[in-house]
Amino acid sequence: MAPDKPMALDKKDDWSARLFDQLVEAGVTLMCYVPDSGNARLLELAETHNEMRPILLTSEEEGVAICAGADLVGKRAVLCMQSSGVGNCPNFLSLVKGGRFPILMIVSMRGDYGEQNPWQYPMGQAVEPVLRAMGVLTFRVETTDDLGAATTAALAASFKSGQGAALILSQRFLGAKAF
Amino acid sequence: MDMAEPALDRRDVLSRLFPAPEDYLLVSGLAGSARDAAALTGDGDNLFTMAGTMGAAVSMGLGVALAAPEAKVAVITGDGELLMNLGALATVASMAPDNLTIVCIDNGCHGETGGQPGHTARRTDLGVMAEGAGLASTMTIAGPDELGAGATFLIEAPAPRFLLVRVIKGPPADYKRDMDPAACRLRFRNAYLGSV
């Protein structure tokens, strides 16, 4: 699907394209998501790529189980969400510690650095404690320079080492939404 | 509820619906549906059962179906579990995998925790909800004389297909399965990846 408006086309500045390329390179073929401005460009890339299938969810926990199902037959899936969606996942994340399913989450933060919406702070600030409580390792991206190495580390932890891993795209990195 | 009272014993259902369970990759939810599915396959390595993560079965089955489009995939769930993650039906409908079957064993109660009445014993009809979610085919059966039609539905109806099986309150199969999820994951993966 062609974008209605021009996006950042210079790949050097287009972090979503670089992240997407790393996922494709790692053999990811399914991208579960609940839409968020932080993952909009990533999903636009998935929509147009021959070897990536986007899966729109109703609630983020569905994606944890879909990723686990793909793993049962040897395929790789990732789960993209806004930070508030992490709160919908913990029970299903039992599959990480209990089943050693390699779940890889990509979390675009709210309630973080520069947030102007008070509703976002409680869950935003709970994201990393909740993930850690369920055995999911977190890899924070604070600057553009962090992205490549953090993505490599999260891919290594999940698909090469059987861990739950979350790439945390901070609001400092993404930019805070104005209200 | 306007519908006729069910007359099916759940222990007689799956073997009639799946005369050749080895032809499927199977995912079940927890509790009764897991026991019934384990009895069907002898806790086979083409089955992944849960004993927690209530609500995950349909989504996990969808993941299997999308990642293994050449396989026939079936989810065995229950009314309580399905109601905990109803949105998954919309996701299944949107993705429209042509290799996915969902069988919901609806006993109208929470059998594992003491038989407390559930919503489907009151006013909720999961067959209508699956149809409303947009699944390609839906069917409801409630009596022994309908099992044959149910089995035909699982073979012939366009997928993704949803079969609601309304059963009497009563125990599931008395079958003890492996409840170690890491061991069951490896068992399933090794069997599948060794076979393709």
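Where in chain A does A:Pro102 lie? The legends below take that residue first, in a predicted model.

**View 1. A:Pro102 sits in a loop of chain A.** The loop runs between helix 4 (94-99) and strand 4 (104-108) of chain A. A:Pro102 has 22 other C-beta atoms within 10 Å. The cut-off for a buried residue is 20 or more, so A:Pro102 is buried. Leaving aside residues up to four places away in sequence, A:Pro102 touches A:Asp71, A:Ser158, A:Phe159, A:Gly162 and A:Gln163. A:Ala156 is 54 residues from A:Pro102 in sequence. In space, the two are 10 Å apart, C-alpha to C-alpha.

**View 2. Helix 2 of chain A has a buried face.** Helix 2 covers residues 40-48 of chain A. Which of its residues are buried? They are A:Leu42, A:Leu45 and A:Ala46. Seen down the helix axis, these buried residues fall within an arc of 100°, so they line one face of helix 2. In an α-helix, residues three or four places apart point the same way, because there are 3.6 residues a turn. The cover over the buried residues of helix 2 includes helix 1 (15-25) and strand 1 (28-33) of chain A. Strand 2 (53-56) and strand 3 (76-82) of chain A are also among the covering elements.

**View 3. Chain B touches chain A.** Chain A brings 27 residues to the contact, and chain B brings 28. On the chain B side, helix 3 (57-67), helix 5 (87-95) and helix 8 (181-195) each supply at least two residues. Helix 3 of chain B gives the most, with eight residues. What is the make-up of the side of chain B that touches chain A? It has 17 nonpolar, nine polar and two charged residues.

**View 4. Six strands of chain B form an open sheet.** The strand order is 2-1-3-4-8-7, and the pairing is parallel. Strand 2 (47-48) and strand 7 (137-141) of chain B stand at the edges. Each has a single partner strand, so one side of each is left without a neighbour in the sheet.

**View 5. Strand 7 of chain B pairs with strand 8 of chain B.** Strand 8 spans residues 161-166. The two strands run parallel and are joined by five bridges. B:Thr138 stands opposite B:Phe162 in strand 8 of chain B. Helix 7 (residues 147-156) of chain B lies across both of these strands and across strand 4 (100-106) of chain B. Helix 7 runs at about 160° to strand 8 of chain B.

Definitions and conventions. Residues numbered from 1 in each chain as written. Chains lettered and ligands numbered in written order. Predicted model: local features only at pLDDT ≥ 70, side-chain atom pairs only at ≥ 80, totals over all residues. Buried ≥ 20, exposed ≤ 12 C-beta atoms within 10 Å, placed from the backbone. Helix = DSSP H or I, 4+ residues; strand = E, 2+ residues; numbered from the N terminus. Arc of directions from axis to C-beta. Contact = placed C-beta atoms within 7 Å. Nonpolar A, V, L, I, M, F, W, Y, C, P; charged D, E, K, R; others polar. Pairing = 2+ DSSP bridges. Axes fitted to C-alpha atoms, helices over the stretch in contact; angles between N-to-C directions.
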